[in-house]
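Below is a short briefing on one protein chain. Please look over the sequence and the structure before reading the points.

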Amino acid sequence: MKKKYRQLRAWCQTKIKSITPGKTAVKGATLGLLSITLVLWLLYSILFAKNIKDPWVLLLFLGFTLAALLVSYLSLRLLRLLHNIPKNYLFALLISVPLLFLLSFDTLLPLFAVLTASLLGASVLVLKHTGLKNLSVPKKVVTLLGLLLGLGGLIGGLVSYIPSGFDVDPIANAALESSSSPEHITAESPAKKGPYAVKSITYGSGTDLHRTGFGAAADIKTEPVNGLAFIDDWDGFGGWWRETYWGFDAKSLPLNAQVWYPEGEGPFPLALIVHGNHSMQDYSDIGYAYLGELLASRGMILASVDENFINASWSDIFGGLDEENDARGWLLLEHLKLWHQWNEKEGHLFQNKIDTSKLALIGHSRGGEAVGHAAMFNSLPFYPDDASIPFNYNFDLKSIVAIAPVDGQYKPGDSGTAFTNVNYFVLHGAQDSDVNSFAGAQQYERVSFQDSLYHFKSGLYIYGANHGQFNTSWGNNDVGNPFTGLLNLKQLLPAEDQRKIAEVYISGFLEATLREKHEYLPMFADARTAKDWLPETIYLNQFQDSNTELLCTFDEDFDVTTASDGQSTLSSENLTVWREQEIQLKWEKKGSRALFIGWDYDLTENQTIDSVTDSRMASYSIEIPATLQRIDSTATLVFSMAESTESTTPKKEGKWIDDNAADETEDEEENAANETDAEADETEDEGPKKPLDFSISVKDSTGQTVRFPLSKFSGLQREIEPVLWKMEFLTGDTSSEQVFQLFYFPVDDMVKINPSFDPKSIQTIKFVFDKSENGVVVIDNIGFMKSL
């Protein structure tokens, strides 16, 4: 048998060798490939140059050719180098590098691990098998150096991994440094437990394979719904495993939820809360019990909806659900339909217990996007992606809360979801390592108010809050990587504090919008009005209500001298930056344009801002025509603003610089740079950057003027640059974005400054940059609203 096998093997080798190309054939193939390629490349280059009528472009193509030669040469050298690496070590490299990359999705960490492990392993084994005394002097040095570096890398890695994180440069809290302090809300904290006894039940399909509360032990049995139209790619291996685990497919999705409700007659407002995309086997709906207990004690019903069956699974690597957030939103409406049926059903536990005119939806992460889809679907007659599917919901939905939402995971008609006449509140943490861009700001821009009722929208950005701690079962690890020590958690708020913020703001929002307790409104414009209820950190508030009348949104055109009202005119003096531009978030554009203005007085070491003459003072003005002068003493001047960390003197570099002149002054600039670095080091020692400040001057038609500093409300918070991963301390890859803060100045306060000032005839609003030496600010939505 062995003999026949050897004969067969020899015969196969002979036949393969007989058809293997020889040296002549390989040489011919090489010459043929290169000749044809070079002829085609040369012809393409000549024709391209001829078409654009510019022969100089041939130099560019020559550069491409030389680059191809260089890359080929370096690739050959690399292959030879790999060939020279011992096979066993090369085998280990080929295994380790991709696996280490999957552990971290980073390039530096695998490189660090490879070097540390290789040096440590090589030196330890040499010392063990050969012994230090048997080595030559050069090898002793190399071995000991390798051992030192390997141990240093191992110890350094452990020292970096074990702590929760590291300190960042201190950040001044602009709101707390303000000389003025707004009046605190006099009502009780909305996070205080109410007088109602809290009861809890579950409802579900009754057939759940994994959770008895939705299975045999469900207090109320529900019928499944067909979600096939809203869920894509529930098929293949991923779909098979999902169906195997849950026991159903997209045609029979269960309506499951845990409910906390007050003991009493009612009727009570109803809110549904839905989780985001976590592991489908790590049930997320249980993480909002703290909100359920609070709201139920205050006389509201909260149902935490189970949508774990459309969450992520390990099997998704073979193909998973795609853009399923429309299904998440649609399921919420199906739950609301169920609650309306129960409210009218004779003898049901919840008969007449629900005030169907006071409904709210709350969502976290993908759920935070899904509640926006539900709000839009609620008012539509048909599914926007398939008009053969009718909608007929039209529930009296009053309020939407989005907790650290994504945006654009599902886009109806390939556009962002928009809805009207529904109150909207979004909160997001600066330390969010999952959704690390303030994506909810995009949905915020697309919420509008068109009817005669009072509505408002608000945003809250929280320094130190992460993604997961709003849910008690998610915790401090936002990324799913079990090596939590890779994250920088030093600036993270304690979980109890983060959830306290959620309790105060979500409960307060529902009280204000479902029960019209407008005494809570001020905290949505300024967190300082609720500071006794909140942990101390940096809060940035965004706010706009249906009473707001805007002069400038900067969305109407590309003329920087015209305002959105079509009548006011805009002008500036001595600005170094002046443009209107789309606002860029970390991930995507915000969906709104804003005003970018900057100034820089280039003061010497001995000069101060007070030395700047009026002729050099930078300013930005809005001239309001008489037809729009109808403001009364109940109004408040408002605008939203953020810092931009771009250059305050963009014309000192790039296309604005004469190369010859630059060469002549190169030494001077280098000396100046060294001095600047020294000054920067001194500034670091002095502490965090001071908040930006400037003056606001308001003039009426008779010439009476009121002037006050921005810091009368608050200085401008410097841009926050969170460090989410410990590796970012080495790479410096921190990223920030423009998060806006509302500034408001009651007209009544202006009259107190100058009793002769007439607010009904405001003619000019002028920003005068007379407090900070330089800066660039981004301003949006300048106008007036009624005082809160």
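How many residues does helix H5 have, and how far does helix H5 reach from its first C-alpha to its last? Helix H5 (residues 108-129) has 22 residues and reaches 32 Å between those two atoms, close to the 32 Å expected at 1.5 Å a residue. The expected span of a helix is 1.5 Å times one less than its number of residues.

This is a predicted model, in which local features need pLDDT of at least 70, side-chain atom pairs count only at pLDDT 80 or more, and totals for chains, interfaces and linings use all residues. Residues are numbered from 1 along each chain as its sequence is written, and side-chain values use heavy atoms, with hydrogens and water left out.

**The chain as a whole**

- The chain has 18 helices and 25 strands. Helices (H or I, at least four residues) and strands (E, at least two) are DSSP runs, numbered from the N terminus.
- The C-alpha trace spans about 105 × 85 × 70 Å along its principal axes.
- The chain has 788 residues, of which 46% count as buried. Buried means under 20% relative accessible area, exposed means over 50%, and partly exposed lies in between (1.4 Å probe, protein chains only).
- Among contacts in the chain with a separation of 6 or more, 77% are between residues 24 or more positions apart. Contact means heavy atoms within 4.5 Å.

**Helix H5 and what covers it**

- Pro 110, Val 114, Thr 116, Leu 120 and Ser 123 are buried in H5.
- The cover over the buried residues of H5 includes helix H4 (87-104) and helix H6 (137-161).
- After H5 comes Gly 131, which has a positive phi near 85 degrees.
- As background, an α-helix has 3.6 residues a turn, so residues three or four places apart point the same way.

**H5 against H6**

- H6 has 25 residues, which at 1.5 Å a residue should span 36 Å, and its end C-alpha atoms are 36 Å apart, in agreement.
- In H6, the buried residues are Thr 143, Gly 146, Leu 147, Gly 150 and Gly 153. What covers them includes H5.
- The axes of H5 and H6 come within 8 Å and cross at roughly 135 degrees. Axes are lines fitted to C-alpha atoms, for helices over the stretch in contact, and angles run from 0 to 180 degrees between N-to-C directions.
- H5 and H6 are therefore oblique to each other. Angles under 35 degrees count as roughly parallel, over 145 as roughly antiparallel, 65 to 115 as roughly perpendicular, and the rest as oblique.
- The crossing of H5 and H6 is left-handed. A crossing is left-handed if the near helix is turned anticlockwise from the far one by less than a right angle, and right-handed if clockwise.
- Residues in this contact include Phe 112, Thr 116, Leu 119 and Leu 120 of H5, and Thr 143, Gly 146, Leu 147 and Gly 150 of H6.
- The contact of H5 with H6 has ten nonpolar, seven polar and no charged residues. Here Ala, Val, Leu, Ile, Met, Phe, Trp, Tyr, Cys and Pro count as nonpolar, Asp, Glu, Lys and Arg as charged, and the others, Gly among them, as polar.

**H4 against H5**

- The axes of H4 and H5 cross at roughly 140 degrees and come within 9 Å.
- H4 and H5 are therefore oblique to each other, and their crossing is right-handed.
- Tyr 89, Leu 93, Val 97, Leu 100, Phe 101 and Ser 104 of H4 meet Leu 109, Pro 110, Ala 113, Val 114 and Ser 118 of H5.
- By class, this contact of H4 with H5 has nine nonpolar, two polar and no charged residues.

**Loop residues**

- Asp 233 is not a glycine, although its phi is positive, at about 70 degrees. Asp 233 lies in the loop between strand E2 (220-221) and helix H8 (236-246), and is partly exposed, with a relative accessible area of 36%.
- Phe 554 is not a glycine either, and has a positive phi of about 65 degrees. The loop that holds Phe 554 runs between strand E15 (549-552) and strand E16 (569-573). Phe 554 is buried, with a relative accessible area of 1%.
- Thr 553 is also found in the loop between E15 and E16, and is buried, with a relative accessible area of 17%. Leaving aside neighbours within four places in sequence, Thr 553 is in contact with Ser 564, Arg 593, Asp 780 and Asn 781.
- The peptide bond from Gly 266 to Pro 267 is cis, with omega near 0 degrees. Pro 267 is placed in the loop between strand E3 (256-262) and strand E4 (268-274).
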